[in-house]
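Student: Could you walk me through a structure and show me how to read its features?

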Amino acid sequence: MGLASEEAYEKKILDRVSDKLVDGIASVISKVRPGWREKNKSKIDEWKLMFYAFNRSPPGIIGATLIIAFILIGLFGPYFAPYSYRNFLYIEYGDTYLVPPGTTVTVTNEQGEIVKEFYFPLGTDKYGRDLLSLILYGARVSLIISLIVIILGVPIGIILGLIAGYFGGKTDEVIMRITDIFLAFPALILAIAFASVLPDRIRPIIVGNEFLKQIFSIVFAADVRDAANFAPILSVILAIVLVWWPGYTRIIRGSVLSARENLYVEAAKALGVSTWKILFKHILPNIISPILVLITLDIGSVILMEAGLSFIGLGAQDPMVDWGKIVYDGAQFFPDRWWLVIFPGFATFLAVLGWNLVGDTLRDVLDPRTRRSIEFKIKKRRSGKQWSRQV
Amino acid sequence: MESSGLRRKILEIKDLHVHFYTYAGVVKAISGISFEIYEGETFCLVGETGCGKSVTSRAITKLIESPGKIVKGQVLLYRDGSPIDLLKLSDEELREIRGKEVAYIFQDPTAALDPLYSVGYQIAETMVAHNTTTWKNAFKKAIDILKSVLIPDPEERVKNYPHELSGGMRQRVVIGISLSNKPRLLIADEPTTAVDVTIQAQILDLLRNLRKEEGMTLLLITHNMGVVAEMCDRVAVMYAGKIVEIGTVHQIFKNPQHPYTKGLLRAVPNPLVRIEKLESIPGTVPNLISPPPGCRFHPRCPYRFDPCDKKEPPLIEVEGGHRVACWLHVK
């Protein structure tokens with residue numbers, strides 16, 4: 001039939017965008033290191049194929065959209081929020097300050113003239129703060145906490161897992177038993193213990209240090225006046241990191257145990273390549289795809305856990321907010337004033353769903369075998385279509 | 001020993017014992033083997049699967065992993081005539097010797113290459129690991145190395161990943177990697193088992209020529225008597241963790257002394273002679289956890305007599321450089 005290869009890959013808009021993206025990245029690297037693009041032609045093609053396979057998965061695209069939205073909102077949301085989270089409007093609505101969603105409230109002066117008009121698309125909380133703004137600020141806290149947990153926890157887990165798996169014997173035994181101890185720690189109780197002890201220790205350090213204050217207020221998009229509130233958030237981060245790395249150590253140790261049996265590891269050893277080079281250049285890159293999948297899935301879990309901890313009052317303190325805290329504050333008014341629970345809860349749900357969908361799709365796309373099978377499935381479908389057209 | 005006496009030794013193994021501590025018991029994979037390799041020769045280790053050939057080759061640079069352990073013995077590498085015991089060196093000193101002075105070629109070329117890196121990178125890595133050159137020069141040299149192992153179009157091939165090459169080419173790349181630092185001793189562990197017969201001939205040719213050009217010493221491990229006849233200067237026949245016969249290729253093939261060697265040679269099919277059934281050695285390789293007492297070959301030996309199952313035969317010289325461990329030759 002002479003099915004041309006270009007026809008087998010029908011490129012849609014998304015595929016062209018991702019191709020451009022890969023080409024862009026390649027040309028940037030080529031600028032730093034001349035000749036890189038020519039040397040790594042097959043790598044670039046494989047990346048493009050990876051995106052192509054990813055684009056064929058509707059859950060993956062939905063997840064990616066949610067993630068990108070979450071990250072963008074987390075990064076820029078606070079600056080576009082209609083009101084600051086410190087803007088207590090105290091607009092009376094009935095017997096509380098809780099304004100329902102989609103309400104325009106007008107403030108009149110004594111003469112009955114409209115002085116100001118407020119529009120609350122998602123309603124307000126008990127202090128009369130705009131809920132939409134609070135959710136935008138809360139996204140930043142969730143994003144930052146999940147990133148910090150991953151950035152701190154994953155390297156610890158990776159390094160310990162590599163060492164335990166590769167060296168084996170007593171080293172392995174010691175590392176894995178310590179890991180077991182940490183795995184046995186209940187995250188919740190650890191976090192409660194931390195929350196009761198740590199903030200009082202950290203607070204004076206942050207409050208007394210002008211530089212730290214500035215850094216944290218930029219990172220959390222919070223007012224410098226809330227510096228004292230950064231302490232409980234940090235203690236939550238520390239608590240999550242402490243219970244988070246053992247999972248990585250276990251998984252990586254398991255992967256290393258099988259990866260080190262590869263002949264190329266033995267060959268590298270026999271050729272005098274140093275142990276650290278073997279670990280980080282030959283073993284780690286070969287087991288990186290399950291780690292990436294795990295990280296993606298874990299970011300969702302961390303968001304959920306952080307929301308859970310602040311729901312029981314351990315994370316952000318008034319007036320700072322995160323998603324768990326908004327739900328916690330709104331719970332007492334539920335279900336009459338439903339918006340305080342539903343909207344932040346839905347935001348959490350979408351963010352976690354996004355990371356999970358992407359994680360699932362990445363699992364298929366990063367594994368060369370399943371990637372190949374996705375590719376063949378697409379080709380088969382395409383050639384089947386053409387065949388039916390000819391008949 | 002007329003010819004070999006004049007030549008300088010490059011490697012000498014003395015009374016090497018390697019044990020593997022398994023749940024079922026201690027596997028005495030190597031029990032007391034000794035041999036020496038002279039500069040510039042091709043030395044072969046032959047024997048059945050599981051007789052300890054690969055373990056011996058790995059023990060040379062202490063590549064035995066737990067649960068294996070080198071229990072006893074010396075591995076002397078001669079550098080300008082003076083011996084260094086490789087088993088006594090620290091890990092870092094050994095690392096510098098591995099791949100630089102003593103290099104390996106492994107059996108399965110597909111598995112010996114890391115799928116994530118280009119061929120050029122993997123050749124360059126070995127050179128950089130031994131500080132021979134910088135990355136930039138190493139990549140340039142990689143092209144020359146690919147050329148020397150007769151890979152067509154080396155400028156393009158350096159950029160290829162292992163999966164883009166054929167089995168024969170991969171094996172050439174593996175050879176190229178081990179040659180990159182011009183080792184004095186090249187250990188090839190069944191380099192042709194994983195490739196088909198035509199490529200096997202090419203690979204052997206390549207090894208032979210490279211050895212001549214670079215003046216390397218080659219330790220070839222194989223179970224293929226044809227390869228031995230074609231390639232080797234001297235041969236050691238191994239059985240159940242021991243050397244049973246050692247001599248020049250001529251001595252072993254023309255005048256085999258040990259019953260096991262005779263059996264091995266008879267088990268090789270000869271295309272010129274039509275036979276109904278190929279001869280095999282009766283019985284199986286002994287369990288090395290509890291090897292048979294006395295001569296390890298005696299349960300399968302057609303010539304066994306009184307002392308065979310009681311005392312281990314010594315390795316005695318029957319003619320110049322030809323030694324055999326068999327009671328038949330003890331006078």
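Student: What should I know before I start?

Tutor: This is a predicted model, where local features need pLDDT of at least 70, side-chain atom pairs count only at pLDDT 80 or more, and totals for chains, interfaces and linings use all residues. Residues are numbered from 1 along each chain as its sequence is written, while chains are lettered from A and ligands numbered from 1 in the order in which they are written.

Student: What is the mean pLDDT of chain A?

Tutor: pLDDT is the predictor's confidence in each residue, from 0 to 100. For chain A the mean is 85, with 95% of its residues at 70 or more. Residues 1–5 of chain A, though, stay under 50. Where pLDDT is low, the predicted coordinates should not be read in detail.

Student: How is chain A divided into domains?

Tutor: Domain bounds come from an automatic or database domain assignment. Here that gives domain 1 (11–74 + 376–390), domain 2 (89–128) and domain 3 (130–368). The centres of domain 1 and domain 2 of chain A, taken over C-alpha atoms, are 48 Å apart.

Student: Is strand β8 of chain B buried or exposed?

Tutor: Strands (E, at least two residues) and helices (H or I, at least four) are DSSP runs, numbered from the N terminus. A residue is buried if 20 or more other C-beta atoms lie within 10 Å of its own, exposed if 12 or fewer, and partly exposed in between, with C-beta atoms placed from the backbone. In β8 (residues 217–222) of chain B, six of the six residues are buried, so the strand is largely enclosed by the rest of the structure. One side has Thr217(B), Leu219(B) and Ile221(B), the other Leu218(B), Leu220(B) and Thr222(B).

Student: Which strands pair with β8(B)?

Tutor: Two strands pair if DSSP finds at least two bridges between them. Strand β3 (residues 42–46) of chain B runs parallel to β8(B), joined by five bridges; Thr42(B) has Leu218(B) as its bridge partner. Strand β7 (residues 185–189) of chain B is also parallel to β8(B), again with five bridges, and Ile187(B) stands opposite Leu219(B).

Student: What does Ile60(B) touch?

Tutor: Contact means that the C-beta atoms of two residues, placed from the backbone, lie within 7 Å. Not counting residues up to four places away in sequence, Ile60(B) touches Val75(B), Leu86(B), Val102(B) and Ile187(B). Ile60(B) sits in helix α2 (residues 53–60) of chain B and is buried, because 23 other C-beta atoms lie within 10 Å.

Student: Where is there a positive phi in a residue other than glycine?

Tutor: One case is Asp80(B), with phi near 50 degrees. Asp80(B) lies in the loop between β4 (68–79) and β5 (82–85) of chain B, and is exposed, with 5 other C-beta atoms within 10 Å.

Student: Which peptide bonds are cis?

Tutor: The one from Asp318(A) to Pro319(A) is cis, omega being near 5 degrees. Another cis bond runs from Phe334(A) to Pro335(A), with omega near -5 degrees.

Student: How many residues does each chain bring to the contact?

Tutor: Chain A brings 19 residues and chain B 26 residues. On the side of chain A that touches chain B, α11(A) gives the most, with five residues.
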